[in-house]
Amino acid sequence: MKSRLIFIICLFFLNAAFIFPVSGNITGELNSIEQANHNLPDPIMIAPFVLLLVAIATGPVFYRHFWEHHYPKISISLGLITVLYYLIILKDLHSLTHSLAEFLSFIALLSSLFVASGGILIRINRKATPLFNSIFLLFGAVTSNLIGTTGASMLLIRPFIKINKDRIAPYHIIFFIFIVSNIGGALTPIGDPPLFLGFLRGVPFFWVLSNVWYIWLPVTLLVIGIFYVLDSLNKKGEQEETAYDGKFEFKGLKNLIFLGIILLAVFLDPAVISWIPGLGPFPFGIREIIMFLVVYISYKTADAEALKGNEFDFEPIKEVAYLFAGIFATMIPALQLIAHEARAMGEQLNAGTFYWATGLLSGFLDNAPTYLNFLSAAMGKFGLDVGIQEQVRQFVTDGSIYLQAISIAAVFFGAMTYIGNGPNFMVKSISEGAGIEMPSFFSYIIKFSIPVLIPVSILIWLVFFN
Amino acid sequence: MSSIEEVLKNKKSGLYYNNRLILPFKAHFLKVVVEHEIITDFSPASKGILIKEEKDFTDLYFHDFKNLKDVLSKYEAIKMVVVEKDKDIFNLNNHLKIAVYLKEKHEAVIEKTDEDILFIE
């Protein structure tokens, strides 16, 4: 088990073969014969991807100011290396167009959820108790499946801090990251970016819900249970005599309509609804146009008081856009190479291997590209191609346990560090902006992830994937 | 020279130029938050901030930022916990939480933080 795990982690960085990513719903049918005519990328071309992921992991921690000033240039430059390699050396425009289409879908969803939820302000005039906080987190977990972990984190972190203002401690924020920003969003493709990428590749929308809920529910309750015990020991603020009227107030509720539009737009995909026209050769579709319109209209019509109350800023989504532009470009060779190795390794790889490999890498790299890499690898084991939607659907049936392991691991392990999932850093920034001293990168892992998430992860593995 | 209370009551604004913030009062500074930068070291050796008192105002230089306007959106504020110069710093009731919004023409609008603004002392 251990050697296989190490092997597949190495494989993530150092593989050598061929597979093509595609967002078939947008740019039309993929011609696999055409793909086969392209040349293999050189394994050295994984270097920009690895460099970018290492920079994302270390930049905000070890050279923060340099990173904050230069991350767009670093990301785009590394992405350009891959783009130029594909254009000039491989003469493969096809892979680039498909990756661009996937990036546009991804950023359209994230930015629309970010802006629409940023225009809703929730005021809760109620004293926090361990029970109320636990219910709040459970509500957040469910909500993250409807408006994404990004949207739910944006919407709920402020009221969560406010109700706990007299007793706030870093563990409040960390458990919020665990549950609302990560674990909670495992039930739908809207919940977490990796699952949305899976949906774009052809995983049916409700597959996750029907195959993951019985793991999601006990894990969510277990982590909330641990939070409840910890929160019960917190006696801070008990002497405060603030008067509460128990009221819940909302500002900018019209943005719920925009959130509904985003939700419906997700299904406006030629692969889901046959009469929806594709807009080829453009690398986007009607869904993306609607989502970008929501970004513009929901911001322009947003309640100023709600935006001020949420201290709204485009910077977090701008950061995601720049970094993922680089990731989507540089990961093309990695995606293409990894599946072939998995094909070669065949029977050596079981669901447990995929669970741990996806999980451990999702914790330290971003979980969205990690999910795609291991989906590609698992499909390669079955001789299937992640670039072809029909084959993804076949894999959903034939390799259900593998898809389950990869989906669970990518989402749950995203909580392992600040960099595992986009909203983690956003929540950390909002909390620090509120004056809360947050644990360092390593302190987060040592004090919270290892004691809480690792035992839970082992339990999941023992029960479901061993 | 105005007190903080007078500045808030009369809605007197400060000024900003790039990384320099000019506040029309003198105060004991306990905590300053710019974006996600929490500053509590106000000693002369502090790398993040330099506070310089003049006769009728206080200069704050934020060394980590070239231009404050670049890092703060119009909905974001510089948040501070301050105490009036002549008041007891050890009495928590004297701790004032203020928010400074950077507007057009170098105007820095000073407000007492309202309920919606997240600011934990």
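Me: Why is Phe354(A) called buried?
Reply: Phe354(A) has a relative accessible area of 0%, and buried means under 20% relative accessible area, with exposed over 50% and partly exposed in between (1.4 Å probe, protein chains only), so Phe354(A) counts as buried. Phe354(A) is found in helix H15 (residues 351-364) of chain A, where helices (H or I, at least four residues) and strands (E, at least two) are DSSP runs, numbered from the N terminus.
The model is predicted, local features need pLDDT of at least 70, side-chain atom pairs count only at pLDDT 80 or more, and totals for chains, interfaces and linings use all residues. Residues are numbered from 1 along each chain as its sequence is written, chains are lettered from A and ligands numbered from 1 in the order in which they are written, and side-chain values use heavy atoms, with hydrogens and water left out.

Me: What makes Asp231(A) and Arg167(A) a salt bridge?
Reply: The closest N and O atoms of Asp231(A) and Arg167(A) are 3.1 Å apart, and a salt bridge is a side-chain nitrogen of Lys or Arg within 4 Å of a carboxyl oxygen of Asp or Glu, so the pair meets the rule. The two residues lie in distant parts of the chain, Asp231(A) in helix H10 (residues 207-232) and Arg167(A) in the loop between helix H7 (130-163) and helix H8 (170-179) of chain A, 64 residues apart. Asp231(A) is buried at a relative accessible area of 0%, and Arg167(A) counts as buried at 7%.

Me: Why are Glu432(A) and Lys428(A) separated by about one helical turn?
Reply: Glu432(A) and Lys428(A) are four residues apart in helix H19 (residues 422-433) of chain A, which is why about one helical turn separates them. These residues form a salt bridge, the closest N and O atoms being 3.2 Å apart, and both Glu432(A) and Lys428(A) are buried.

Me: Why are Lys85(B) and Glu53(B) called partly exposed?
Reply: Lys85(B) has a relative accessible area of 39% and Glu53(B) has one of 38%, so each value falls in between the limits for buried and exposed. The side chains of Lys85(B) and Glu53(B) meet in a salt bridge (2.6 Å, N to O), which links the loop between strand E7 (78-84) and strand E8 (96-102) of chain B with strand E5 (residues 49-53) of chain B, 32 residues apart.

Me: How do you know that chain B and chain A bury area between them?
Reply: Buried area is the accessible area (1.4 Å probe) that two parts lose on being put together, summed over both, and for chain B and chain A this comes to about 2,200 Å², 52% of it on carbon and sulfur atoms. The contact (heavy atoms within 4.5 Å) takes 22 residues from chain B and 28 residues from chain A.
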